[in-house]
Amino acid sequence: MSLAKISAGVAGGGGGVISTPRLRDYFPETLLWRPEIVTAPDGTATLRFPVADSITTWQLSAAASTLLGNTGSGTAQFRSFQPFFAAFDPPSILSVGDSIALPITLRNYLDHPVSVRSSLTAAPWFRLDGPASTTTPVGSQASASPVFRFTVLAPVSDAQQEFIAQAGEIGDRIVRPVSVHPNGEETAVTAAAILSPGDNILNLKLPADSLPGSSDTTLKLYPNLGAHLRDALEKVANYPNGCAEQIISIAWASLVLQRYSASIPQKDEKLQQRTHRNLQEAYENLLANQLPSGGFAYWPKDRNADLALTAYAIQFLTEARSFITIDDGVLSKAVAFLAKQQQPTSQPTAGLWVRVGRDHKLHPEDTRGNAMLTASIAAMIAGAPGAEPILKKAVAATQPFAEEFDEPYTLASYALAALALKDTIRSEPAIKRLRAMAHSENGGAYWALETSTPFFGWGRAGRVEASAQVLRALLATDVSPQDNLVARGLLFLNHQQDRQSLWYSTQATARVLDVLAGIALRSPATAFTGDPGNLTVQIDGQPSIAVPLPPSARDAGPIFVALGAALLPGDHRVTLKLPANAQSATAQLVSDLYRPWPSVAPASSVINNEQLRMTVAFGTTKPLPGRPVNVRAHIERIGFKGDGMMIAEIGLPPGAEVDRPSLESAASANDSELKHYDVLPDKVLIYLWPKAGGLTLHFHFTLRYPINALSAPSAVYDYYNPDARFDLSPARFKTQ
């Protein structure tokens with residue numbers, strides 16, 4: 001395979017007078033990713049794509065296979081370059097009050113020296129602490145670094161900080177995004193409702209101690225359930241993404257959208273292309289987590305496959321094969337792995353899958369856990385090629401426990417598996433019991449989870465996951481979406497949306513999306529051709545805002561109404577009025593805000609009976625730029641409540657350059673507990689599974705330039721029960 005021609009359309013910086021330098025503002029880390037390109041019959045393909053504004057050398061790698069199974073690969077390089085440029089790289093995340101002394105390197109590869117007039121463009125959110133412009137001589141084949149000092153004055157989201165360098169005919173102009181946060185603890189207040197024609201009231205209370213000017217309120221209107229699916233596609237991409245469960249669950253929004261968009265009359269081709277690419281990418285990434293045994297592991301470096309995760313991968317691949325090409329061998333190996341792990345008839349646990357503990361030992365004595373695991377695996381593999389024999393064994397083996405235990409997640413999974421086998425003798429009693437187990441809350445209905453799910457969900461996230469599983473079972477009986485219990489369950493899920501308009505964890509969100517898609521597919525839009533009218537929004541009796549509604553027959557995305565800082569601390573009454581001819585819709589108010597950090601920092605937090613502790617210590621907070629700053633972090637889950645993956649965020653100051661080898665050493669030293677890490681602009685993200693006593697890790701960073709600024713806050717939370725969370729306030733760094 002060869003990559004024959006690469007033509008990069010970037011500025012060369014040659015002759016000609018340039019009165020205003022070309023703007024550079026496109027700086028992606030990955031320039032191109034195309035998971036599936038179909039060649040012409042002669043094996044060639046042409047691909048056009050925008051080249052980034054980065055001054056660098058790019059390497060392009062490609063792999064290909066033919067229908068006959070022949071494979072090939074190739075690499076090529078191309079350079080994007082201009083002979084004079086500025087290396088403008090300000091911190092992308094700052095706090096109010098931060099002061100930065102930012103060096104900006106001017107590089108001259110011309111055959112003659114230049115005199116460069118440089119300027120940092122003023123903006124309301126920061127104050128220049130020195131000259132806005134300066135003139136700097138730069139020799140041929142040389143560089144110079146003028147320093148611009150500024151102090152942050154006000155919060156701002158996605159501002160554009162601009163730097164211009166001009167040297168006669170040549171120059172450079174760069175824009176970089178910057179966001180500024182208040183110095184406080186970030187939180188959010190939400191309210192949600194299902195809207196019907198007429199007045200609908202949402203009550204929202206903002207804390208009295210909210211930092212002035214820190215609140216940012218948005219009204220999110222979902223004119224149909226398809227709008228929820230579209231919004232989830234955007235928002236779920238912001239979840240931490242590394243382990244196999246996250247890969248699948250983040251792609252789940254694309255899977256249900258493919259299913260949903262295929263059923264509507266007016267196809268959205270761009271949406272279908274995007275979700276198709278997402279599914280293909282998820283499939284390619286997931287393959288790295290399949291072990292030689294055929295089972296899937298959470299992380300590629302794990303030695304043991306996880307039973308529930310393997311079943312989840314089978315479910316994803318089985319459903320995705322309707323939209324992308326899946327290697328049948330991948331599926332058959334995974335099903336064979338589960339068949340091998342299913343308990344033989346010679347055992348008292350015959351037909352069950354037995355839970356494997358953190359000690360990597362089987363726990364046949366955990367009858368409740370094994371019943372839940374077996375029922376959930378059976379529900380996930382239903383419909384997979386070659387899975388019916390083990391599915392039948394699992395349903396038969398689970399029946400005695402399903403009749404004995406009042407665990408809604410187990411019972412709903414058992415019902416789903418029995419329904420897939422068209423076994424109404426088993427499914428109907430289970431569905432009847434599920435209907436009787438519903439609890440009421442604010443007009444909605446939910447099902448109480450008594451223990452952790454096979455994906456470690458518990459607390460509020462676990463309750464959402466269990467309730468969604470029950471609703472999936474009810475919908476699988478072909479009950480009407482207008483069924484009273486289904487409608488009340490949907491109301492509960494609507495009320496449980498988090499600040500991202502998702503449902504706390506990737507697993508809970510995936511199951512809720514199944515429910516929304518199931519209802520949407522059975523609820524065709526009314527063919528109303530008149531003017532849909534406006535939604536009127538009135539806050540505390542003030543003049544109303546009119547929001548145009550989309551036609552009911554059109555599959556529209558969500559509508560966001562920015563209310564900004566209009567809501568002050570205190571109680572607020574928001575009236576949303578739908579016109580008489582409008583269909584039902586859903587709405588959510590989200591107010592993001594900041595509160596003061598506690599004057600005395602707690603040593604740990606206890607939420608939902610789960611106690612978390614975290615300490616972060618810096619070797620010095622008054623370092624010299626370029627000198628290492630040692631970091632020691634200790635993360636611990638205290639006691640026996642809670643299980644599964646945790647995520648720790650270790651906050652960094654602006655301009656921190658993390659030493660990757662020291663992080664690699666920390667990962668190697670804690671190989672069984674520290675699963676993965678990501679270095680972000682303002683923090684190090686640690687994926688961990690700590691043992692008793694917690695995990696301690698060490699790494700170091702250097703500061704690239706002088707600062708008097710706050711680090712980002714640090715935090716640790718239970719990934720599958722994010723209500724369990726412990727936050728640490730920022731540390732102030734003041735360079736010598």
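This is a short chat about a predicted protein model.

User: Before we start, what should I know about the model and the numbering?

Analyst: It's a predicted model, where local features need pLDDT of at least 70, side-chain atom pairs count only at pLDDT 80 or more, and totals for chains, interfaces and linings use all residues. Residues are numbered from 1 along each chain as its sequence is written, and side-chain values use heavy atoms, with hydrogens and water left out.

User: OK, how many helices and strands are there?

Analyst: The protein has 13 helices and 36 strands, taken as DSSP runs (H or I, at least four residues, for helices; E, at least two, for strands) and numbered from the N terminus.

User: And how much of the protein is buried?

Analyst: Of its 736 residues, 50% count as buried. Buried means under 20% relative accessible area, exposed over 50%, and partly exposed in between, with a 1.4 Å probe and protein chains only.

User: Switching to aromatics, how many pairs do you get?

Analyst: The count is 21 aromatic pairs. Rings of Phe, Tyr and Trp (its six-membered ring) pair if their centres lie within 6.5 Å; planes under 30 degrees apart are stacked, over 60 edge-to-face, and the rest tilted.

User: Why is the pair Tyr-719 and Tyr-720 edge-to-face?

Analyst: Their ring centres are 4.8 Å apart and the planes sit at 90 degrees, so the pair is edge-to-face. Tyr-719 and Tyr-720 are both buried.

User: Where is Phe-456, then?

Analyst: Phe-456 is in the loop between strand E19 (444-446) and helix H10 (459-476). Its phi is near 70 degrees, a positive value in a residue other than glycine. Phe-456 has 12% relative accessibility, so it counts as buried.

User: What about Lys-422, buried or exposed?

Analyst: Lys-422 counts as exposed, because its relative accessibility is 71%. Lys-422 lies in the loop between helix H8 (408-420) and helix H9 (424-436), and has a positive phi of about 60 degrees although it is not a glycine.

User: Last one: what does Leu-229 touch?

Analyst: Leaving out residues up to four places away in sequence, Leu-229 touches Val-256, Leu-257, Tyr-260, Leu-513, Leu-516 and Ala-517, where contact means heavy atoms within 4.5 Å. Leu-229 is in helix H1 (residues 225-235) and counts as buried at 1% relative accessibility.
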